Amino acid sequence: MVAAALPLVMVFDRRRQQNRGAAGPTAQSGCQPYAWVLLSLLVVLAANWIFSPHLQGRAPLVGITLPIMIGAICGGFRPALLATFLSLLVGIYIVGLRWGEPIEPYQQVQIVMFLIFGLVISWFGAKHRKIQVELAELALATEKRKDDFLAMLGHELRNPLSGISSAARLLKHAAMDARGVAENANIIHRQVAHMTHLINDLLDVSRVTRGQVQIEKTPVDLVAVMHAAVEQVGALVEHRQHRLIVDLPNQPVWMLGDNTRLVQIVTNLLVNAARYTPPHGLLTLTLLVTQDQAQISVQDNGVGIAPELAAHVFELFVQAKRSTDGVMGGLGLGLSLVKSMVDAHGGEVSLYSAGLGQGCTIRVNLPLMTAAESALTTIVKPEKKSDIVMPVPLDILVVDDNLDAAQPLAMLLQFDGHRVAVVHSGQEALQLAELDRYDAAILDIGLPDMDGYTLARRLRAMPHQSEATLIALTGYGTETDKARALDAGFDQHLVKPVDDVLLSAALKQASQRVRSHLSSAIV
C-alpha cells in the first residue's frame, strides 16, 4: 500500500520541482523527503512488531505522528500530507480494524482528529520549508555579494597601487624634466586620494553596521556644502569629460547638520553619477528650498538602473553590473552610506530611473532650521580675508617610527618655513624635549617603545612643553581612538595620510597660541 502510493507522488513532486527550478542549496531533491517518510513508516511497523505484546492492539500517537513530522521538516506540505494518510492507514492496521467492519464513534473522532493534526503539521511544515529556502537563498546571495565585494576591493586597491608604483619608478629616472616630475607627482597624489576615499568608506561602513555614525549638528549652509562637494569631484568630472550643471539659490540655506557628513552625501551622489555615466555625459546638481525642507537632486543621463536592482541600491555592497574596462569602479558603498547619513539627519532619500540606459535621479530631502532653532543657535560666518593672520614659523617635533612617512612630512613642513626635528621613538622625543622647547609636536600613536598617548602625557607634564600644540597623526581613525587621543592631551587627531587642509588648520592653532604668548610677553 505504501510502496504503491509513493512512486506516484514522487513523480508529481519531481515535476513540481522542475517547474519551480532549484529551490536553493539546502532544498532536498524530490525523492529524499518521501524516502524519509517511507523509512520512518517502516520503523514504526518494525517497532509495532517488536513491542506488540506490550501495546495490546493500541497505536502509540508518538509513533504514528513521527513520519508526519519527518515529512514536514524534510520536504514541507506534500510529503507531510502523504505521511498523514499513510500513518493513518498504519494506525488502523495496528489497532486491528479491517475493511468493511463498523467503526465506533470514538474511533471516528480519533480518525478526524488525527487528520486535522496531520494537516496542521503539514501546514507548519510548508511554512518551515519556505523559511528554510528563503534563508538559504539569502545566505547564498550574501555570500555572493561578499565575494563580489572582495573582488572589487582587490581591483580598486590594485589600480591606484599600479599608478603609484609606475609614477614612483619614473621619478627615479635622472632624465625626467620638471614637467614630467609634476605630472607623476599629480598621479601619485590622485591615486593616494582615491585610496584614502576607499579606506574612509570602509571605516564608515563599519560604523554604520555597528550603529556608530556620529553626527555633530551645527548650523550649516547647504549652498556652501554644494560648492565644497563640486570642488571635491571636479577632477573626476573633468577626467570623465562630463558637463556638470549646478543650480543653487543665491542666498545661504541653513540647516542643523554635520558639515563633513553633508559634503560626503553630496560628493557620493556626484561620484556615483559621474562613474555610471559614459564619457561626455550630462550631470545636474540642484538645490530646491520649500518652506521647511531642502531638496538636493543629482541627475545624470548615464546607464540607468534595472527595475529589479532599484529597490536594493541603498543596501551595502549592492552595485550595478560592472563592465570589465573598470570605468565605473567603486565598492558599492556610496549610496548605502548616503542613506545612513541622510537618515541620521532626519531626512529621506529616493531614487528614480526609467530603466537601463535611461539615466538616474536621486533626491535627498533634509529638514531646514526652524525659527526656534535659529533663535537658539549662533551662526558662525566665515572669516574675511582681512581677518586671516598669516601663521608664524614654528618649532615642530615630528615623532614617527616609519622613516618613509616622517622624512617627507618634515620636508613639507620645512618648505612652509617651519623648523623641524625628526625622531623615531618616544624615548628620543623625550630626550629632545628636555633640551628644547617646541611650539608643536606631531606624534604617531604606534611607536616601538611607548604609545603616542603615553608620550603625549609625558610631554604635557614638562613645564616648558605644557603649552605646545600636540597633534596625533595616526592610522587609528575610529571615534574611540579620537576620544582616547583627546583624553591623553592631544589638541588634534588626524588620520594618515594627512589632509593638507586639516594639518594647516592644526598648525594655525599652534601659530595663534605662539602669537598670543608673544603679545603677552610684549605687554
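Student: Which residue in strand 9 does Leu 397 stand opposite?
Tutor: This is a predicted model. Strand 8 and strand 9 pair in the parallel sense, over five bridges. In strand 9, the residue opposite Leu 397 is Ala 421.

Student: What is the strand order of the open sheet of five strands?
Tutor: The pairing in this sheet is parallel. Strand 9 (419-423) and strand 12 (492-495) are the edge strands, each pairing on one side only. From one strand to the next, the twist averages 20°. The order is 9-8-10-11-12.

Student: At about what angle to strand 9 does helix 13 run?
Tutor: Helix 13 lies across strand 8 and strand 9. Its angle to strand 9 is about 140°.

Student: Within what arc do the buried residues of helix 14 fall, seen down its axis?
Tutor: The buried residues of helix 14 (residues 452-461) are Gly 452, Tyr 453, Leu 455, Ala 456 and Leu 459. They line one face of the helix, because seen down the axis they fall within an arc of 160°.

Student: To which residue's backbone nitrogen does a side-chain oxygen of Asp 451 reach?
Tutor: The contact is at the start of helix 14, and the oxygen comes to within 3.1 Å of the nitrogen. That backbone nitrogen belongs to Tyr 453.

Student: How many contacts beyond near neighbours in sequence does the model have for residues 384-389?
Tutor: The mean pLDDT of the protein chain is 77. Over residues 384-389 the pLDDT is below 50. Where pLDDT is low, the predicted coordinates should not be read in detail. For this stretch, the number of such contacts in the model is two.

Notes
Residues numbered from 1 in each chain as written. Predicted model: local features only at pLDDT ≥ 70, side-chain atom pairs only at ≥ 80, totals over all residues. Heavy atoms only, no water. Buried < 20%, exposed > 50% of the residue type's maximum accessible area, 1.4 Å probe, protein only. Helix = DSSP H or I, 4+ residues; strand = E, 2+ residues; numbered from the N terminus. Arc of directions from axis to C-beta. Polar contact = N/O pair within 3.5 Å; in protein donor to acceptor, adjacent residues only side chain to side chain. pLDDT = per-residue confidence, 0-100. Contact = heavy atoms within 4.5 Å. Pairing = 2+ DSSP bridges. Axes fitted to C-alpha atoms, helices over the stretch in contact; angles between N-to-C directions.
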